[in-house]
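This report describes selected features of a single model. The sequence and structure are shown first, and the findings follow by topic.

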Amino acid sequence: MRKPSLTHAGNLFFGLFLLMFLAIGSTYFSRNIMVLRAVLLLAVPLHLTFYFYKKKRLSVAVISFLLFVFLGNAFTAIFYEANYTGISNILYLVASVSLMMVLGQNYKAQLQIKNKLIIGYLLVMFTIGLCFLLEISHIFSALVTNEMEFYVFVFQGLSLLVLGLLSFGLFLSNARYSAIYFFVAIVCFGFALAVNYVSIFYLYDFVFELLSALFYVSGLYFLFKFLLKENHVKPQKSIKDHNVSYSEIVFT
């Protein structure tokens with residue numbers, strides 16, 4: 001009875017994703033930045049409306065993440081000419097940290113796994129990602145004069161790196177396939193961030209704005225796919241130790 005409902009909800013989100021993808025793509029011909037910003041501003045409210053149409057509950061942490069993302073989009077759209085990009089990036093950073101804290105708290109229990117090769121693999125991946133981030137940060141430091149912007153960029157990249165590794169580690173530890181949706185969402189948000197910074201601080205082109213928006217909408221789509229999957233799974237508790245499932249702690 002519930003599986004068709006989940007499929008129907010997935011189809012609704014896929015339809016919304018295609019609609020927003022086409023709306024963003026159509027701005028390529030008009031080159032109207034304000035229309036593009038308006039579409040991005042509607043992304044979070046529309047996704048939430050579709051989500052609450054099928055599901056009635058969402059954790060405070062996820063709501064906080066979406067709220068700060070929406071405020072960041074609002075500052076970018078409304079105060080674009082006044083150069084409020086710094087405030088927007090800070091709001092995006094707070095959004096990432098709010099989600100990272102919740103995942104980190106739950107992931108402590110998930111780290112108690114028998115196969116220590118997984119932990120070693122994640123540490124190696126984190127080291128490689130950190131080295132890459134340091135190289136990018138070194139290049140970025142030569143492009144900006146505002147020290148605050150530099151540190152916001154570094155912490156944004158670090159938070160996305162940690163979120164990606166947590167979700168990938170969750171998949172490796174207990175084969176929770178829904179974690180792949182979250183991982184893909186983080187990758188999309190990372191590309192959106194990178195292209196956005198290239199457009200602002202290195203070489204402005206409307207195509208960069210367009211690509212950043214497409215990556216951002218794709219990230220939202222996979223994030224809500226992840227939320228649908230997690231909230232669809234019934235909490236599983238062990239009779240012996242009463243361990244609470246990942247979805248119960250984070251998203252319900």
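In which loop is Arg 31 found? Arg 31 lies in the loop between α1 and α2. The model discussed here is predicted.

Most residues other than glycine have a negative phi. With a relative accessibility of 41%, Arg 31 is classed as partly exposed.

Arg 37 is found in helix α2. Arg 37 counts as buried because its relative accessibility of 9% falls under the 20% limit. The C-alpha atom of Arg 37 is separated by 8.5 Å from that of Ile 78, and the two residues are 41 residues apart along the chain.

## The largest nonpolar core

In soluble globular proteins, nonpolar side chains tend to be buried together. In this model, the largest nonpolar core has 49 residues. Those with the most contacts inside the core are Ile 24, Phe 65, Leu 66, Phe 182, Phe 189, Tyr 216 and Leu 220. Two or more residues are given to this core by each of α1 (2–30), α2 (33–54), α3 (60–78), α4 (85–110), α6 (147–174), α7 and α8. Helix α8 provides the largest share, 13 residues.

When its neighbours within four places in sequence are left aside, Leu 220 is in contact with Ala 43, Val 44, His 47, Leu 66 and Phe 189.

## A nonpolar surface patch

Phe 132, Ile 136, Ile 139, Leu 143, Val 198, Tyr 202 and Leu 203 make a nonpolar surface patch of about 690 Å². The largest share of this patch, three residues, comes from helix α5 (residues 116–141).

## Cysteines

How many disulfides does the model contain? The count comes to zero, with a disulfide taken as a pair of cysteine sulfur atoms within 2.5 Å. Cys 131 is partly exposed, with a relative accessible area of 45%, whereas Cys 188 is buried, with a relative accessible area of 9%.

Note on methods:
Residues numbered from 1 in each chain as written. Predicted model: local features only at pLDDT ≥ 70, side-chain atom pairs only at ≥ 80, totals over all residues. Heavy atoms only, no water. Buried < 20%, exposed > 50% of the residue type's maximum accessible area, 1.4 Å probe, protein only. Patch = residues over 30% accessible without salt bridge, like charges linked within 9 Å, V, L, I, M, F, W, Y side chains within 5 Å. Areas by Shrake-Rupley, 256 points an atom, 1.4 Å probe, with all protein chains shown as cover. Salt bridge = Lys/Arg side-chain N within 4 Å of Asp/Glu carboxyl O. Helix = DSSP H or I, 4+ residues; strand = E, 2+ residues; numbered from the N terminus. Core = buried A, V, L, I, M, F, W, Y, C linked by side-chain atoms within 4.5 Å. Contact = heavy atoms within 4.5 Å.
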